Amino acid sequence: MKKIRLIDIAHGRSGDKGDAANVGVLAYDDKGYEIIKKELTVERVKKHFEGICLGDVERYELPNLRALNFILHNTLGGGGTVSLKHDAQGKTLAAAMLRMELEIEE
């Protein structure tokens with residue numbers, strides 16, 4: 001087993017959907033997509049954003065884009081117009097996700 005950072009095999013983009021954050025993770029290649037499909041479970045993403053994501057996490061697969069899209073409910077303190085959070089639109093959450101370390105088979 002070896003450790004890699006998610007940023008080494010994928011890039012991401014995030015934003016707001018009301019009080020939910022939208023985090024997309026796009027693998028650079030097919031091998032990376034197989035890794036993120038296996039490793040980025042709803043439970044793992046929820047744990048990674050513990051204390052930030054207070055609601056459910058939903059995961060959507062977009063195989064034609066080699067991407068996963070996550071919706072993190074109850075994350076933005078009410079949304080951009082009412083939130084007192086520094087990142088009320090969730091723009092930094094993709095960068096936070098890409099810091100995740102994964103253990104994969106060599």
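Which elements each supply at least two residues of the lining of the largest pocket? Select β1, α1 and β6: each of them does. Before zooming in, a word on what you're looking at. This is a predicted model, so local features need pLDDT of at least 70 and side-chain atom pairs count only at pLDDT 80 or more, while totals for chains, interfaces and linings use all residues. Residues are numbered from 1 along each chain as its sequence is written, and side-chain values use heavy atoms, with hydrogens and water left out.

**Stop 1: the whole chain**

Colour by secondary structure. The protein chain has three helices and six strands, and from the N terminus they come in the order β-β-β-α-α-β-β-α-β. Helices here are DSSP runs of H or I with at least four residues, strands are runs of E with at least two, and both are numbered from the N terminus. Of the 106 residues, 42% count as buried. Buried means under 20% relative accessible area, exposed means over 50%, and partly exposed is in between, using a 1.4 Å probe on protein chains only.

**Stop 2: the largest pocket**

Now go back to that pocket. Rolling a probe the size of a water molecule over the atoms shows where empty space is left. Grid points are joined across faces, edges and corners, and the volume is the space filled by probe spheres set on them.

The largest pocket holds about 270 Å³ of space. Helix α1 gives the most to the lining, with five residues. Sorted by class, the lining has six nonpolar, one polar and eight charged residues. For that sorting, Ala, Val, Leu, Ile, Met, Phe, Trp, Tyr, Cys and Pro are nonpolar, Asp, Glu, Lys and Arg are charged, and the others, Gly among them, are polar.

**Stop 3: β1 beside β6**

Select residues 2-5 (β1) along with β6. The two strands run antiparallel and are joined by four bridges; strands pair if DSSP finds at least two bridges between them. Click Lys2, and you'll find Ile104 of β6 opposite.

**Stop 4: salt bridges**

Side chains of opposite charge can pair when their charged atoms come close. The rule here asks for a side-chain nitrogen of Lys or Arg within 4 Å of a carboxyl oxygen of Asp or Glu, and it gives seven salt bridges.

- Arg5 and Asp8: the closest N and O atoms are 3.2 Å apart. Arg5 is partly exposed at 42%, and Asp8 is partly exposed at 43%.
- Asp30 and Arg66: the closest N and O atoms are 3.5 Å apart. Asp30 is in helix α1 (residues 30-39) and Arg66 in the loop between β4 and β5, so this pair ties together parts that are 36 residues apart in sequence. Asp30 is exposed at 52%.
- Glu50 and Lys47: the closest N and O atoms are 3.9 Å apart. Glu50 is exposed at 60%, as is Lys47 at 59%.

**Stop 5: two positive phi angles**

Stay on Arg66. With a relative accessibility of 29%, Arg66 is partly exposed, and its phi is near 55 degrees, a positive value in a residue other than glycine. Then jump to Asn74, in the loop between β5 and α3 (93-98). Phi of Asn74 is near 55 degrees too, and Asn74 is partly exposed at 37%.

**Stop 6: inside β2**

Where does Ser14 sit, buried or exposed? Ser14 is buried, at 9% relative accessible area, and belongs to β2 (residues 10-17). Draw a distance from its side chain: a polar atom there lies 3.0 Å from the backbone nitrogen of Ala94.

Finish with Gly15, also in β2 and buried at 9%. Gly15 and Ile71 are 56 residues apart in sequence, and their C-alpha atoms are 9.9 Å apart in space.

Technical notes: Polar contact = N/O pair within 3.5 Å; in protein donor to acceptor, adjacent residues only side chain to side chain. 1 Å grid on protein atoms, 1.4 Å probe; cavity = no way out; pocket = protein on both sides within 12 Å on 5 of 7 lines; lining within 4 Å.
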